[in-house]
There are 2 protein chains.
Amino acid sequence: MTTEAACAELISRLKRAHVLGTVNGLLSWDEQVNLPPDSADLRAEQLALMAELQHAAASDPRVGALLAELEGKDGPPSCATATAGTPGRPGNGPARPAVAPYPLAAATPDALTADQQVVLKYSRRDYDRVTKLPPEFVSEKARHSSKAFHAWAECKGKSDFAGYAPFIERHLWLAKQEASYLGCAAAPYDYMIDRHDPGMTAETIGALFAELKEGLVPLMSEIVSSPVKARAGLFHGFPVEQQRTFLHTVTERLGFNYRRGRIDVSLHPFCEGSGADIRMTTHFDEANPLNSLFSAIHETGHGLYEQGTRIEHQGTPLGQAVGMAVHESQSRRWENQVARSRPFWRFFEPRFREMFSAQLGAVSSGELYLAVNAVRPTLIRVDADEVTYNLHIILRFEIEKRLFAGTLAVADLPAAWKALAQELLGLTPANDREGVLQDVHWSGGMFGYFPSYCLGNMMAAQFWYKAQGDLPGLDEDFARGDFSRLLGWLRRNIHEQGRRYDTRELVKVVTGDALTPKHLLRYLRERYLPLYRG
Amino acid sequence: MTTEAACAELISRLKRAHVLGTVNGLLSWDEQVNLPPDSADLRAEQLALMAELQHAAASDPRVGALLAELEGKDGPPSCATATAGTPGRPGNGPARPAVAPYPLAAATPDALTADQQVVLKYSRRDYDRVTKLPPEFVSEKARHSSKAFHAWAECKGKSDFAGYAPFIERHLWLAKQEASYLGCAAAPYDYMIDRHDPGMTAETIGALFAELKEGLVPLMSEIVSSPVKARAGLFHGFPVEQQRTFLHTVTERLGFNYRRGRIDVSLHPFCEGSGADIRMTTHFDEANPLNSLFSAIHETGHGLYEQGTRIEHQGTPLGQAVGMAVHESQSRRWENQVARSRPFWRFFEPRFREMFSAQLGAVSSGELYLAVNAVRPTLIRVDADEVTYNLHIILRFEIEKRLFAGTLAVADLPAAWKALAQELLGLTPANDREGVLQDVHWSGGMFGYFPSYCLGNMMAAQFWYKAQGDLPGLDEDFARGDFSRLLGWLRRNIHEQGRRYDTRELVKVVTGDALTPKHLLRYLRERYLPLYRG
């Protein structure tokens, strides 16, 4: 079989699994947006059957045979490292500089092109993750996650950590099992991190977070001790229909293509779909118009990433996002660097006031801008502002690291949480509901996921300064309501690259530097200090 | 294998194919209700892949083996007739009285129960239809339908029958081929009819329609020549949101369960889904509030049928509708017998006026009721009222019958159409766009489908008088806004029966009589003559 033929067949099989995945995605979206309340049983059956079919397509032995054939042409090394996806991989340890593997070796007759190598590397990675886990393990994890979710919801309500602890314990065990099935028994937390952000390790993250913390804690203190405070209770009576119209105008102007996507209402905002059909959601509160606006801009950032991937590569690694952290770098750039900026509001404030003249009559421009950039430490991560949010993540990373290292017992989690919350946020939870029980993630065994949020913030800032350097006059663009040059830059440098680079490689290729928290710290200081120094 | 075990496995496989079908249904609904305009390519891929998977599940050889095993226990005869589904079947010819085959032979140890026999009979029928057609034939028909649809749309625009004729010709050939694959080469039109309405034949329909025509033409003439006319241009400025609220109130009161269904907006109204999740649609026109209301009530009738099937039988013949005609009998009863009645408006008129007081200020009760029951012959079927609608169907049946008999050449269709339109409706189309090119059905090879609409009208009336006899005081119920006794009667007698009886058997079992147009004629005379005789 020629390389061309093997690749073509591989891609056609990947696309088949992808299309099934998009059907699943639509079922999930519909479940949260449209499903009549008593139709949940049928939806559960539909989702279970479709998951089974998607799994069958993704684990098709013919895919395995094609991968083996292509690896024979390409030589095993790059695939072996991609399979493990753990330390030891080139460019992964903090001591070694990140390398840009693209362009890869030039194609020789019947050898793989650079693009084909990317497809091969990540298809192998995905295939192993689907096929190396025994079916009984997969169903046990699914069953346990379902039980753990209900236990979490109940225990959170009662602020009863002891009842929930055995479920975390079991999930930890399952995570280690999973890592060992994938050949990563020696570094299970790295395995969990790499699942979400290819190329990342706990050691790398630890170093980045330590540096970030050092700058962030004093910055937070200075802001908190400032006499300048955002006024509470500024907004009320913002009709939902008008909020919807305004939000649509804003997100469309940012570049979201409503001919390939839509926004609806759900309890928790999310963004689902591929570049060909993006479904975002938001929710409305008449007393909090900024909440739905910023959550919609956040989801728009995710949507713009997906819409920016190349349509001809949908379903292959060349048309997929790198991982969670890069995804967050996109959503958070639009939400924070762009939409909390003065130039953005220079353009949109008059439009906001025109639509809500009665509601905003008594709100000054200064008050509005301060409300957009309010900072106030809170115990609850999802309520946090963009300054203190990162500290919530550092806390969780610290705990996960210790749990996996065996230096923290599950039973001691609440105490460790309280100590870290006091150290990082200057606040102590009165109970576990506003402490260790607040997040859903661990009930699904989603360890290694939290760091992505903060890594995304770092990347967003690092890409941001690079874009500003490359594109002089961006502020003036924004003040005119023109975001197209920024979007074009993101498309070329990030969206259209698919998975050509892993998380850290991408930062290096795009900005010329390794990932560092310096840019995030600089950005936060530039944004918040002038405001809070008065 | 015991009967119990074989049936259980058969049912579980049927349900699997059914769940895939519900996913397909949701994709189609979403396509018409939500799909962003440029996401159509992905949707086409999703639908094609899901159709392939559904076909694979429905044609699973294991289903064939289970059917053969169960037929061995049951004896072949009843299955053989179900397979053919064509004349010669007991109770099918008009000369023989319709027989109610239920209850079937009492279950003996390991013999099939009556319910199991129903499952076996229709599973065999469905399985043969899925497996006896060669895959190349199925894809050729699909391809031709797609081409024919586009040709139809183009030729209709240009009123160019000659360009469309070869597509009908080919579809006729394909229909005959299909019938012969299913062992019905001798009676291809009967095969097409039986596909939509099990147990029906062209001969039966011909006799019913002849009798109906005899009563209908003079009735129409009397109404048309009446000086009483519904006033045109009565309505304008009905805000969509209020129409939506009113329509929701009405359909919910009729009994539609919005905890297991919803109504949205699409270009063409339809009803999709199974009893577990029904998605209806409507469309709104500010100058025509009755249009969206009646179309929503029509779809509600379809929805109530599906919601009335037994949830534990979803996906098996015991939880499925009999066919198109019975489905139409449900939608049309609610739309016509119920919602065009005086008692219905006695209850809803005050509510309608309360919601639209400004718009209805100058409209008298008499004018409103006449608008609800306007009769005016038109050349276009979809614009027709419930009196003349049946004549449109008789016309199409007459043409299809002659086409299949070979007594009408495709080239002569326009002339035949014009002659029949003049004879039946007293109108002659000025061109083929308002004549033979008006309907989409034949472009999809959907011969034998039109009769269902009119058979549904007949059944609706026949069931209606039976229900009135069984439930004295229905008018008083309606005038109080209570439709529950009627719905309960329909559930027990029709919805919960699934496919226990075929089309004609059901009428016989429920009403004690064979299907006849007498009740429809009686109903139309009782409804319209008092109104138009002034």
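## Model and overall dimensions

Along the principal axes, the C-alpha atoms of chain A fill a box of roughly 70 × 55 × 55 Å. Chain A contains 22 helices and 3 strands, assigned as DSSP runs (helices H or I, at least four residues; strands E, at least two) and numbered from the N terminus.

This is a predicted model, in which local features need pLDDT of at least 70 and side-chain atom pairs count only at pLDDT 80 or more, while totals for chains, interfaces and linings use all residues. Residues are numbered from 1 along each chain as its sequence is written, chains are lettered from A and ligands numbered from 1 in the order in which they are written, and side-chain values use heavy atoms, with hydrogens and water left out.

## Relation of the two chains

Chain A superposes on chain B by a rotation of 179° with 0.0 Å of shift along the axis, at an RMSD of 0.1 Å. That is the relation of a two-fold axis. The superposition is by least squares on the C-alpha atoms of residues with pLDDT of at least 70 in both copies.

## The interface

Chain A and chain B each give 33 residues to the contact, defined by heavy atoms within 4.5 Å. Because 100% of the interface residues of chain A are also interface residues in chain B, the copies meet through the same surface. About 2900 Å² is buried between the chains, 58% of it on carbon and sulfur atoms; buried area is the accessible area (1.4 Å probe) lost on being put together, summed over both parts.

In one salt bridge, the side chains of Arg279(B) and Asp30(A) meet at 2.8 Å, N to O.

On the side of chain A that touches chain B, the elements giving two or more residues are α1 (3-33), α2 (40-58), β1 (261-265) and β3 (277-282) of chain A. The largest share, 10 residues, comes from α1(A).

Note on methods
Buried area is the accessible area (1.4 Å probe) that two parts lose on being put together, summed over both. A salt bridge is a side-chain nitrogen of Lys or Arg within 4 Å of a carboxyl oxygen of Asp or Glu.
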